[in-house]
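Hi everyone, thanks for coming.

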Amino acid sequence: MEEEPPIEDVDGDILSTLTTAPPHRKIQSYSQQLGLPKATKKHNRLRKHSLDEDDLLPITTVTTARKTNSEHFYDSSDDDFFQSASSLNSSGNNSQRKEELEAQQQPLPEFIANGGGIGIFKAPIRGAMHPGRPPSLELRPHPHRETQMGSFLRNIVCTDTQLWAGEETGVRYWEFGNIYKGGCGVGRMRRRGDEDAAPFSESVHASSTLCLVVDLGSRLVWSGHKDGKIKSWKMEQSSNENPFKEGLEWNAHKSPVLSMAMTCYGDLWSGSEGGIIKVWPWESIEKSFSLPTEERHMASLLVERSYIDLRIQVTVNGVCPLPITDVKYLLSDNSRAKVWSSGYLSFALWDARTRELLKLFNVDGQIENRVDVSSVQDPCVEDEMKIKFVSSSKKEKPQGFFQRSRNALIGAADAVRRVATKGAYGDDNRRTEAIVQTIDGMIWTGCTNGLLIQWDGNGNRVHEFNRHPFAVQCFCTLGARIWVGYVSGTVQVLDLEGNFLGGWTAHSSPVINMTVGAGYVFTLANHGGIRGWNITSPGLLDHILRPELASKELLYKKLENLRVLTGTWNVGQGRASHDSLILWLGSAASEVEIVAVGLQEVEMGAGFLAMSAARETVGLEGSAIGQWWLDTIGKTLDEGTSFERVGSRQLAGLLIAVWVRKNLRQYVGDVDAAAVACGFGRAIGNKGAVGLRMRVYDRIICFVNCHLAAHLEAVNRRNADFDHIYKTMVFSKPSHLQNAASASVSSAVQTTRGTNAVGNHSEEGKPELSEADMVVFLGDFNYRLHGVSYDEARDLVSQRCFDWLRERDQLRAEMKAGKVFQGMHEGIITFPPTYKFEKHQAGLGGYDSSEKKRIPAWCDRILYRDSRSASVSECSLECPVVSSILQYEACMDVTDSDHKPVRCIYSVDIARIDKSIRREEFGEIIGSNEKIRPLLGVLRDVPETIVSTNNIILQSQDKSILQITNKSEIDKATYEIICEGQTTVKEDGQACEQRPRGSFGFPRWLEVSPATGVIRPGNVFEVSVTHEEFSTLEEFVDGVPQNWWCEDTRDKEVMLVLRVRGICSTAKKSHWVRVCHCFSAKNTRINSRSDHSRRTQGIDSVHRSSQNKDSVQRSEFRYLDSSSVVHDQLESDFSDSF
C-alpha cells in the first residue's frame, strides 16, 4: 500500500484535544477515556447482550467463575527436565500483581452474534466421561508431540505380566501390577511427555525399534531396529537396573528390520528392505544362550553367522520368484506350522519346518507366475527407481530459482495426478496395512481402503468385509473377538465371522498398534498415547463403570486460570519501531501467559504473491520480512527468558505467531498450523487466513488471523471468505516435525496426514475449527461503516458517539443476522475506528484526508468462542473453557501504518482432568465395586473339556489322534497347544534336562495340527499328532550350508500343553499330554559340504511325502475328567518313567 502525502484537516485542532496522557502501564486507550461505568459486582451467569442498542444500556458485564491456580504443577525434583518456577517468577511478584489487577479490573461487556450453538458452530461436547466410547484406562495419556521428538512409541506387545513398547530410543515396559498407579515417570522423575504415565522401566539407548516379538518360552522380548540389529530383552529385569540393558544382540540386516515372527518350531524370522527374509535357527540361538557372559561377543557372532537367506534358498538358475518389495509383515501360522510374509501388494506362504516356499499370490488371491514375478516390483519403488536413474544419468546445467520452482510445480502436479489415479483406479488403495491370525486358524488382512479380507490357512481368499471407510492400521485378537484399529482413530470389534459387535473413537489420531493383556485391549495412538479398553467393551461393565467414575469428578478435576493477550495489526508493508511494539504488546505482556499476534500485509506486491503461491505448492512458507517481524516481536516479549515462541505460520502477507511463558510451556503442545487462501481463485494469499492450533492444559485452543475481502460494498464476499476459512481450514504439524514423527508409521498414516481423514474430529465432515474448545479470530476483517459519510463519521468520532457508529458497523449487522462469525463473542467497541490513517501522523487528526477520503471503520477486530452454551456457563469438565474480556483497545499512538494495532486480553478458566489421579480412581473402582466383580468373574469362566489321552507313543512317521471334547452345552471353547520342552533319553537310560524352545515351539520331528481352534458346545475336536519323516539338519554359516547331519536318533519325549479358554476369557485351564518317540538307529553325523542345489527346488516340488501317514494309533487311550486329573496323573506317570 503506497503512502499518501498528509493533507491538512480542518478539524485537526478539535480532534487533537482527545489525546491525553496514557494511564499507568497502558497506552492511550480510548475505551478508558470514554468514562464507561465500572461494574461493581460479578455475576455468576452469562449475560447475553442483544444487538439492539436499547438492550446495551445500561452496560452490564459478562462474567465467569474465577478460580485460582492453586493446583499449578511443579515438582522440585524436575529441575533436570523443567526450569524452576522460582527462576521464572521471582518472589511471586507477578502472581501478586495479577491478583491485584483481578480485583481492580472487571470483565468487559460482550456482544454475541446470532447463529451459534447449532450445527458446525456448536461448541464440542465435553465431559468427565466421553459419551461416545467406553471408559478407558489411561496408561499413558496423550503426550505433547514436541516432547516426543526422537522418542515416539511405534509398537506394543503384551506378555503374561507386562506391556512392552518399542520407541525410537529403545524399549520400555509397564508391569500390569502398576497400571493403576499414579504417574511418576522413570526413576521417580517427571519427564516431559510422561508426567502422568503409569510407572514404567526403560532400556538403555538403542536405535529406533520397528518391531517386537514375545517369546514366552525363553522369557524374552525380541526387538528389531532401524540400524539392522536384533536384540533380546529379559522379561524379568532387576528393579535396581534402570535403564536396563539388552541381552543377546547381533547385526541381522544391512537395512532396517521391518518385521519379525517366531515360528511354532522356535525359529526367529526377520524381514527387511528389498524382499530380504532371514531365518535364525533356534539351535544357534539356544547355543548362544549357553555361552558365559564373558563370551557375549562370541554368542552374538555365532547367531549372526547362522542365518538362512530364503531368497537364496528359492533362487533357481538365477531366477528368484520373490518380489523385491520390502517385507513389511511376517506372521507365524502356529495352527498349521506355516509362515506368511507380506509386502504391500503380495504374499508368500512358507513351510515353517522345512522353510520351503509353498505359494506366492497377490492381494486378490491370484497365484503369481514365477517367471513374471521376478520382474515385478512395487509401482512406488519403480517410480522412485526411474526418478533416480533419470536424475543420475542427466547432467544438466544448474537451474535458476524460477526454473526449479517451475519444475517443482510440474512435478508436484504430476505426483498429485498419479496419486489421485492410483487412489481411484490403482493398487494404492488396496495395499495391505495389517495382518493377524485368529484362534480358528483364519488369517485376516486390512487394506488402505478399509477393506478387511479373510483368508484360509492355504492362502485362499474366503470373505471380504467393509466396515469402515478409512484405512486399517492394526489388528489384535483374543478368543472369538477381533479388534480393528483404523487411521481415523476408530476401534471396531468383530466376531470370527466378521459380524460387527461394536465400535468407538478410541483416539483423536490414528490407532497404529494394539495388543491384548490383563483383561484389556491396549491401543497405541500415533501421538504416543496408550489406552486400555476392557475386552468386554462395549458391554454392561461400561454402563456400571461410567457413572461410578463420573461420580468421582471432584477428585480428579483441576481448575486453571491464565491470561491471553491477542493482537492484530495491518502493518501496510511497513516495519514497526521498537516503541510501537512496546506500546502495543510489551506494556501488556507482563501480566499474561500467552501472546498471540496476527499481522496482515507484511509483504505484498504481485511478484511476491505469485512467488508465495508457488512456494506453498511445494511446502515452503515464510519470508525474510516475516522472519524480521518474528524476531523483533520476540525481542519485545523478551523471548528466551520470559517467553518462548511455540509456533508460527505465514501465507503471503499474513503472519501469525504464538508465544507462551516458559513456566507454562510444559502444558502447551501439539502445535499445528494451517493456511487458507481466499485471493484470486481461492489460490492467492493476499486475502485469506493463517491459524495455529494447540493443546493448553489438554484443551484445544485455536488462533486464526484473517484478512478478508476489501471495499465497502463487498460484504457478501467477506461473509463468503469467513465461511470458506471456517469450513476448510485443516491443521497439520510443521514439516520438520512431520518428517520426524513419520518414522516406521504405516503408509496410510503418512498419506493422510494433515487431512480431515486422519481423525482430528469425532464427526465425519465437521470442520476442525468446530472441534476446538476455544477459537479466537483476529485480523483485518475489512467490514466498514455503512450509511454514513466521511465527514459524518469524523464528526461522530470527535464527539465520541461510538454507540451510533456501532449501529452502522457492517460486521455487527451481519453478526446480528447470523450470517458470519456465528456465535462469536466480541467486546463492546469503545475505541475509535482503526482505519484509515495517514502514516506517522499522531492523534485522530490522522484519518485519511486524501482524495479518496476513506470512511473511518473498525476493520481490525478480535472475536472468540469458548465452550459455553445456552445451558452451561460455569467452568467445568462439561464446559471446560470459559473466557472473559479484560481489555479490548486500540493503540492509537502507533503511527507506523494506515491501520492502528488492536489488542484484547482474555481471562481464561480451564477445567482439566488429572489423568494420574483418575487412573488411580479407575483402579479403585475395578478392584472394589461389588457390581463389577461378578462381571469380571465371568472372564475367568472356562468351559469344561476332556482329552482322550495324556500319553502318546509314536514311531517313525506315525500319526495319532488327540480328541478334545467340549462338555459345555452352551459355551464355545478355544484351545491352543504348545510344547513345554523336549527330554532326550541317554544311552544309560537317564534323561537330560527338559528345555523349551522359543515361544514354546515344537521339535522339528513333531507336527501338531491344528494347534489352535474353536470347539463348539458339545462337540469333539480332533488334533493330529504326527511324527515327521526322518529329516536332515543343516548348519549354515553366512547363509551358506557348511555341513549336514541326520537328526538325533535317541529316544525323545515332549510335554504338550493343551490350553483351553472360554470364547472371550482371560483365564485358562491346561491339560498335559506326553508324546514319546523311540528310534531303532543311532545318530549318524556326516561332515560334508552339501550341494547347494539340493535346497533350490521349485515351488512345484514343495509338497511333502504323505506315505505311511494314514495309519492312526491311539496309545494308552483313556478319558480324563478334568485338568486337575490330567495334571495329577501326568505327574505320577512322569515320575515313574524316570
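Let's start with strand S28 (residues 520–525) and strand S29 (residues 530–534), which pair in the antiparallel sense over 5 bridges. Within this pair, Leu524 stands opposite Ile530 in S29. A word on terms: two strands pair if DSSP finds at least two bridges between them, while helices (H or I, at least four residues) and strands (E, at least two) are DSSP runs, numbered from the N terminus.

Before going on, please keep in mind that this is a predicted model, where local features need pLDDT of at least 70, side-chain atom pairs count only at pLDDT 80 or more, and totals for chains, interfaces and linings use all residues. Residues are numbered from 1 along each chain as its sequence is written, and side-chain values use heavy atoms, with hydrogens and water left out.

So where do S28 and S29 sit? They belong to an open sheet of 4 strands in the order S2-S29-S28-S27, with antiparallel pairing. At its edges are strand S2 (137–140) and strand S27 (511–517), each pairing on one side only.

Helix H23 (residues 915–928) lies across S2 and S28, and runs at about 130° to S2. Contact here means heavy atoms within 4.5 Å. Axes are lines fitted to C-alpha atoms, for helices over the stretch in contact, and angles run from 0 to 180 degrees between N-to-C directions.

Now the other sheet: 4 strands form an open, antiparallel sheet in the order S7-S8-S9-S10. Its edge strands are S7 (209–215) and S10 (249–251). Strand S9 (residues 229–234) pairs with S10 over 3 bridges, and Ile230 stands opposite Trp250 in S10.
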